[in-house]
Each structure stands twice: as C-alpha cells, then as structure tokens.
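Open the model in your viewer and keep the selection panel at hand. This tour goes from one ligand to the next.

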Amino acid sequence: MKNKIFYPLFCLVFAACSKSADPIKISSIADKEYEPQKWQANYPAEYELWEKTKEPTPAGKSYYKKGWDTDGKIYDKLSEFPYMPLLFKGWGFGIEYNEPRGHYHMLKDVLEVDSARRKAGGVCLTCKTPYAQELRDKYGKDYFSKPFETVHSWIPKNHRELGVACVSCHKGENADLRILNDFTLGAALRNMNFDLKSASHQDMRTLVCAQCHVTYVVSKDKEMKSQNVFFPWNNSKYGKINIEDIIKTIKSDPANLEWTQAVTGFKLGFIRHPEFELFSNQSLHWKAGLSCADCHMPYVRYGSYKVSDHRVMSPLKNGLRACVQCHSQGEEWLRDRIKFTQDRTVSMLIRSGYSTAVSAKIFEKLNKARSEGKNIDKNLYDKAREYYEQAFYRIVFIGAENSLGFHNPQETLRVLADASSFAAKSEALLRQAAAQAGIYLPEKIDLELNKYLTDRGEKKLNFDSKVEFKDPFKIQDYF
Ligand code: HEC
Ligand code: HEC
Ligand code: HEC
Ligand code: HEC
C-alpha cells in the first residue's frame, strides 16, 4: 500500500509524472513473471486497468471501429468491405475476418475463430501469447510448423487463454519497458541496423506495441508447412518502412507466398495490421515525437495518483482524453477531424478495392478462356498481373491497418491513389489482351459479390448482413 502514498508525492514534485515512480516494492517479481496476478500486489492500478480490457468498449462512439462494443454485435471486415470476400477467397481471411477487440481476449479469439484461420500452425501464437519467445527457443522449427493445437498445448495449462501480459512489455525487476519477442521484432530491428540499446524512452513506448501491431510473413517450405515468421522490412529504415519495400520483400522469395487466391489462381503473400509501419512512416504525429502510448494509454487518475491507462482502446471511445492534453480545440473538433480523415480513406479504399476486384474477375475469365484453348498474349497478361498485384497489396495494407488512415492520412491517400491507378492499368491491359484473343468483355464486370459474401464455408458468422452494395463507379462527390 505504501506505493500509493509515495506515487502522488512524486507527481507533485515532478509535474509531468512521466515515468514509473518506482514505488516501494511489496514483493519482488521475477524478470520473466508470466502470471499477471503476481504483479498485482505491486501495481494494483495497472493490473485493474489491464484486466478491464475484457469488458466490451462503449458502443456508438467510433465511426468505423465498432469492434466488440456494448451493442453485442460482431462486426466483420468482410461485410463492411464486400470486395474483400471476393479477393480473399481461398483461405482463412476470406471466411472470417473480424474487427479487433480488447487485449484480454486475443488468445481466446484465436481459439474461437474459424479453424481455417489457424491452419498456418503454432506460428499463429506469436502475437497471442507471452510464451512465444520461450516456445520458439525450446522447440525451434516445430514451433512454426506443428499444428496450432499441438503448440498451444505446450503452454502451461493455466495460461492457455492468457493474451498480452505485464511480462510482454515490462521487466519484472523494475517494470521498465522491454521487448519480449526478440525473434520477431528484435531480429527485424537488427536487420535495419537499429540498436535497441539506443532506443529512447519514446521509442520504447511505441516498440512494445510494435511486437504485434505490425505486418508479418509466415514463410513456407515446399510442402506449404510454416517454417518461419518475420517482419518484411528487409529494405527499410527505422521511421521509413513503406509499402514499396514490404511488397518487394514479399515478392523476393516464393517461400513468402502463403496462399492461393481462388478467383485468379495466383499464389500471393498477405499483409496484416501494419499500425507501426504506417504511423512511423513520417506521419505528422510521429515527426512531432509521439508514441502509440501517448494516444492509447493516456494518464488516468487512480485514487489520488496518476497511472498510464492500461485499458488500451480507441481514443474515440474514451472521450479523446489523450488528445485534449495537447490540443486545445476540444473534443468535438477533434472527433470531426478524425471522421474527416476516415471518411476519405474509406471512400478511396472502397473504390480502389472494387477496381482491383474487377481485374481479378477478368483474370478469372481469361484463365478460363485459356484453359479452353484461346491464345492470350503472355506479355500483356504478365504485365497486367504485376500491376494487379501492386494494387492488391496496397489495398490489403490500408484495409488491414486499423486506424482507417488516421495514423498517417497523407501516406494513406498516396498508397490508395497508387492502388487505383495500378488497378486501372491492369484492367486496361487485360481488356487489350481479351480483345486481341477475340474474347468479349462487357463494360460492367459482374463481381458476384453476394455469392462471395454468403458462401464462406461451414461456419456462418452472426454478422450484420444488411450490406449495401453501392455502385463504386458511379460518379459522385465521394463515396
Ligand atoms: C502480444 C501482442 C500485442 C501487443 C504487445 C499489443 N497488442 Fe494491441 N492487440 C493485439 C491483438 C491480437 C488485438 C486484437 C484482440 C482481439 O480482437 O481479440 C489487439 C487489439 C488492440 C486494440 C483494439 C482494442 C479494442 O477495444 O478494440 C488497440 C487500440 C490496441 N490493440 C493497441 C495497442 C497498443 C497501443 C499497444 C502498445 C501499448 C498494443 N496494442 C500492444 C495484440 C497486441
Ligand atoms: C502492451 C504493453 C503493456 C502491457 C501488456 C502492460 N503495460 Fe504497463 N506500461 C506500458 C507502457 C507503454 C507504459 C508507460 C511506460 C513509460 O512511459 O515509462 C506502462 C507503464 C506501467 C507502469 C509505470 C507507471 C504508469 O502507470 O505509467 C507500471 C507500474 C506498469 N506499467 C505495470 C504494468 C502491469 C502490472 C501490467 C500487467 C497487469 C502491465 N503494466 C501491462 C505498457 C504495457
Ligand atoms: C495521434 C494519436 C495516435 C497515435 C500516436 C496512435 N494512434 Fe492508434 N488510433 C488513433 C485513432 C484516433 C484511432 C481511430 C480510432 C477509431 O476509429 O475508433 C486509432 C486506431 C487504432 C487501432 C484500432 C482501434 C480499434 O478500436 O479497432 C489500433 C489497433 C491502434 N490505433 C494501434 C496503434 C499503435 C500500435 C500505434 C503506434 C504504432 C498507434 N495506434 C498510434 C490515434 C493514435
Ligand atoms: C503529445 C501531444 C499530442 C497528442 C497527445 C495528440 N496530438 Fe495531434 N498534434 C500534435 C502536434 C504537435 C501536431 C502538429 C501540428 C500542430 O503543431 O498543431 C498535431 C496535429 C494534429 C492534427 C492536424 C493534422 C493534420 O494533418 O492536419 C490533428 C487533426 C490532430 N493532431 C488530432 C489529434 C487527435 C485526434 C489526437 C488523439 C487521438 C491527437 N491529435 C493527439 C500533438 C498531439
């Protein structure tokens, strides 16, 4: 209890109160103490807030990230963006792809999601359990390649549902920030010649999140068994990881192509939740020196002292408390700015997504014609495929990034503008190839969206099915 008395004193003396006050310790905590309850006695506030991530977040506050709010509905990306089930058909993401929810649930949600999403094997646990590094050290290649259920059973029984825990971000001894997943983030940073020892305190307040809120590649062996997981930043610099480099790294090795897209038959890679990459690529807030924790873990009052809010969530859902510490414009103005950016992102994402889907459907037609003996110009076809893939990876990148553009508005629109032009170029080349081969293509390609949305295999989600199919190519102000 003594820590409760010393902490406010510290805060009075140092107005900012920006670092762990090193409260008097009640019990000592092992460096790698996995059990959060062992941390609770020393840090009751952080524990209580961390545990609150199991509660649903308030409904009706966020415009687009209606994750798992108190309204009880599950929102999934596939019905929010109907071009996605078409493009992702062929593997797990095309079956179930939900909006995120509180940290407490991360491992439980993997256990509950459609089993197609766990097919990659044990490797899926990398961002879902604090034991990933230990399992990988102990079991080596088996950690990646053995079935998910097998590797999951290697976690101690009482922690088989434990997601991100104190140990993931803190050293036991003094609660200093640390990176637990060395084989992923540690390796990726070394690859970019970024020395963790030279990381500033602000860097660390971002890097703890970058253990998971990043894209990754699950590379495959000849039998398509998972053999490794790594972050595709091979050509990048810290603070400048861009989509061009990510695509280049993915395409540099066939082992990085994780699945076969049903509609085109192409083997492709994938991009997941690149929050760190988009934010740290020269965004205004990054350049102004902000970290993830500045917006997602603002100080909250706990009794008579202040702690970092470990109930991590969308800033829109907690009254933009973080933002108003720096911005005097007030909550309404800020909410409006967030919506302004997100509306524009969604408009362009939908348009570029549908454009890419149009190319995919034309590939399907040309592939069919070719299998029936038609001669399709190889040069045109290959060029169209290259443009198509460039568009595809860009829309997956922005579609998977969870802020809908807010983390870096300018970069988001640049990436989507490029996606649109690559998709249009691909379509033009495909139409030229079709014309040369005497294949008729209607002006408007039927995307059969309803088919892809509803035909997702065994398990049907209880998703909001009132999907509105607007015509993305109708000329209007914006979508
Ligand atoms: C060990 C991996 C891991 C770490 C470290 C991590 N996250 Fe997460 N985060 C996740 C996963 C997985 C989800 C989705 C959970 C689900 O849907 O079950 C998530 C969800 C979220 C959400 C959505 C919450 C909601 O209520 O919908 C936010 C916001 C978030 N994380 C921010 C952060 C920030 C900021 C940090 C760093 C301080 C961080 N995360 C560190 C894995 C991680
Ligand atoms: C996803 C990463 C993450 C997890 C999980 C996490 N923390 Fe933190 N924690 C942070 C960050 C970031 C800060 C801010 C640190 C700073 O600026 O020095 C912080 C700050 C703290 C501090 C310093 C005082 C304060 O509140 O600012 C303590 C103590 C602490 N955390 C304890 C815990 C405990 C106990 C748990 C588990 C119940 C936990 N943390 C889980 C990221 C995390
Ligand atoms: C300048 C403030 C700011 C910074 C810095 C910031 N974010 Fe965000 N983040 C936001 C806003 C605003 C949203 C949009 C929330 C919404 O639409 O409900 C968001 C959304 C998210 C979401 C989705 C939340 C949900 O409910 O689905 C995640 C996950 C996330 N951010 C993680 C991160 C990570 C990781 C970092 C650092 C790499 C980071 N953010 C940096 C403000 C910020
Ligand atoms: C630690 C301080 C800090 C926090 C916290 C912060 N910002 Fe900012 N924000 C800045 C700075 C600095 C700028 C650069 C422009 C300026 O000086 O006003 C900026 C710029 C902006 C802009 C203008 C950007 C543009 O492209 O026009 C918006 C909008 C904005 N912030 C919204 C938010 C929102 C929403 C949050 C909370 C989710 C937030 N900020 C949190 C410091 C902060």
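Predicted model: local features only at pLDDT ≥ 70, side-chain atom pairs only at ≥ 80, totals over all residues.

Start at ligand 4. Select His327: a polar side-chain atom of this residue lies 2.8 Å from a nitrogen atom of ligand 4. A polar contact here is a pair of N or O atoms within 3.5 Å; within protein, one must be able to donate a hydrogen and the other to accept it, and residues adjacent in sequence count only if both atoms are side-chain atoms.

Residues are numbered from 1 along each chain as its sequence is written, chains are lettered from A and ligands numbered from 1 in the order in which they are written, and side-chain values use heavy atoms, with hydrogens and water left out.

Now show the whole shell of ligand 4. It holds 15 residues, and the closest are His285, Leu290, Cys323, Cys326 and His327. A residue is near if one of its heavy atoms lies within 4 Å of the molecule. Helix 15 (284–287), helix 17 (321–324) and helix 18 (331–371) each give two or more residues. Helices are DSSP runs (H or I, at least four residues) and strands likewise (E, at least two), numbered from the N terminus. Helix 18 has the largest share, 3 residues.

**Ligand 3**

Select the iron atom of ligand 3. Its protein donors are His296 (NE2) and His407 (NE2), at 2.0 Å. Donors are N, O and S atoms within 2.8 Å of the metal (3.2 Å for Na, K and Ca); water is not among the atoms, so sites may look incomplete. The 6 donor atoms make angles of 87 to 179°, and the site is octahedral. Six donors count as octahedral if opposite donors are over 155 degrees apart and all others between 65 and 115.

How are the two histidines placed in the sequence? His296 lies in helix 16 (residues 292–296) and His407 in the loop between helix 19 (378–400) and helix 20 (409–436), so the pair ties together parts that are 111 residues apart in sequence. His407 is buried, with a relative accessible area of 18%; His296 is partly exposed, at 24%. Buried means under 20%, exposed over 50%, partly exposed in between (1.4 Å probe, protein chains only).

Next, select Ser62 and Ser314. A side-chain N or O atom of Ser62 is 2.5 Å from an oxygen atom of ligand 3. For Ser314 the distance is 2.6 Å, again to an oxygen atom of ligand 3.

**Ligand 1**

Jump to the iron atom of ligand 1. His103 (NE2) and His213 (NE2) coordinate it at 2.0 Å. Its 6 donor atoms subtend angles of 84 to 180°, which makes the arrangement octahedral. Check both histidines: His103 is partly exposed at 24% relative accessibility, and His213 is partly exposed at 33%.

**Ligand 2**

Finish at ligand 2. Select Glu46: its side chain places an N or O atom 2.6 Å from an oxygen atom of the ligand. Then pick His201, with a polar side-chain atom 2.7 Å from an oxygen atom of ligand 2. Arg205 also has a polar side-chain atom 2.7 Å from an oxygen atom of ligand 2.

Conventions. Tetrahedral: all angles 85-135°; square planar, octahedral: opposite > 155°, others 65-115°.
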